Amino acid sequence: MRRRLVAGNWKMFGSNARNQLLLEGLASRAGGLEGVSCAVCVPFPYLHQAQSVLSESGVAWGAQNASQWPEGAYTGEVAVPMLADFGCQYVIVGHSERRSLFHEDDQLVGAKAKAVLEHGMTPIVCVGESLQEREAGVTESVVSRQLDAVIAEIGTEGLDKSVVAYEPVWAIGTGKTATPDEAQAVHLFLRHAVSARNADVGERLTMLYGGSVKAANAQSLFGMDDIDGGLIGGASLKLDEFMAICEAAIA
Ligand code: PEP
């Protein structure tokens, strides 16, 4: 059976005081869950805090972005080896907010995924279409172009050590969720595309759905055959809500 995972994406939210309560709650309630792994991807300045509270808890932590370069004169950037210093297990790459607001293209997302793998961490590779693209009927060509660019950098061997998150852009932070059938159709399409290259990797690949997942809709989404968990934005900032989502992913 494929690994189930629920990862929180805190985006640019948090403070020492608020994080402490949330992290301590997660450490005591989420670490012991069987049948699902839980993780939080926090803003860079709070990686040390996440590491100190979550170490030994069973809850993993990670970052939301990283540079493709290992070090150098890149003011304001954060390198993957720096994330390794803070015990990160996951790094989100290619989130739609990075693609649209910070102009990250497919090739750069692939290079970032490669850098993450080279340092022994797991990239959570995000793909997803805009509303305009969905309405134009090009969802499949968009997500396969995005995934192909990553595979071009890391190969199917690299993908085997990665997690893919399908996040329709129109569903992120909007309160609009893809229906379970809509999400499942894209997950199945992506899994077939990977399986066509390597059947074992396609079968094993953990694929998350992201886009306005909440306690109320998590179970129906995670109940679909090719949805193995979720990437959770807004709802990951509320302990009870996030816990309910993690529990809904238990197979
Ligand atoms: C996200 O940030 O990846 C996300 C899915 O956000 P939200 O759950 O708030 O839609």
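Cys126 is buried, at a relative accessible area of 2%, where buried means under 20% relative accessible area, exposed over 50% and partly exposed in between, using a 1.4 Å probe and protein chains only. What you are looking at is a predicted model, in which local features need pLDDT of at least 70 and side-chain atom pairs count only at pLDDT 80 or more, while totals for chains, interfaces and linings use all residues. Residues are numbered from 1 along each chain as its sequence is written, and side-chain values use heavy atoms, with hydrogens and water left out.

Let's stay with the cysteines for a moment. A search of the whole structure turns up zero disulfides, a disulfide being a pair of cysteine sulfur atoms within 2.5 Å. Cys126 is in none, and the nearest cysteine sulfur to it, that of Cys41, is 9.1 Å away. Cys246 is buried too, with a relative accessible area of 0%.

Now turn to the ligand. There are 14 residues around it, and Lys11, Glu167, Gly173, Ser212 and Gly233 come nearest; a residue counts as near if one of its heavy atoms lies within 4 Å. Oxygen atoms of the ligand lie 2.7 Å from an N or O atom in the side chain of Glu167, 3.0 Å from one in the side chain of Asn9, and 2.8 Å from a polar backbone atom of Ser212. The protein covers 96% of the 290 Å² of accessible area that the ligand has on its own, with areas taken from the Shrake-Rupley method and a 1.4 Å probe.

Two aspartates are worth a visit next. Asp106 sits in helix α5 (residues 106-118) and is buried, at 15% relative accessible area. Its side chain joins that of Arg145 through a polar contact of 2.6 Å, that is, a pair of N or O atoms within 3.5 Å, one able to donate a hydrogen and the other to accept it. Asp226 lies in the loop between α10 (215-222) and β8 (229-232), and at 7% relative accessibility Asp226 also counts as buried. Asp226 and Ala183 are 43 residues apart in sequence, with their C-alpha atoms 9.0 Å apart in space.

Finally, follow helix α7 (residues 139-159). A straight helix of 21 residues would span 30 Å at 1.5 Å a residue, yet α7 spans only 21 Å between its end C-alpha atoms. There is a kink of about 85° in α7, centred on Glu153, the bend being the angle between axes fitted to the seven residues ending there and the seven starting there.

Definitions and conventions
Helices (H or I, at least four residues) and strands (E, at least two) are DSSP runs, numbered from the N terminus. The expected span of a helix is 1.5 Å times one less than its number of residues.
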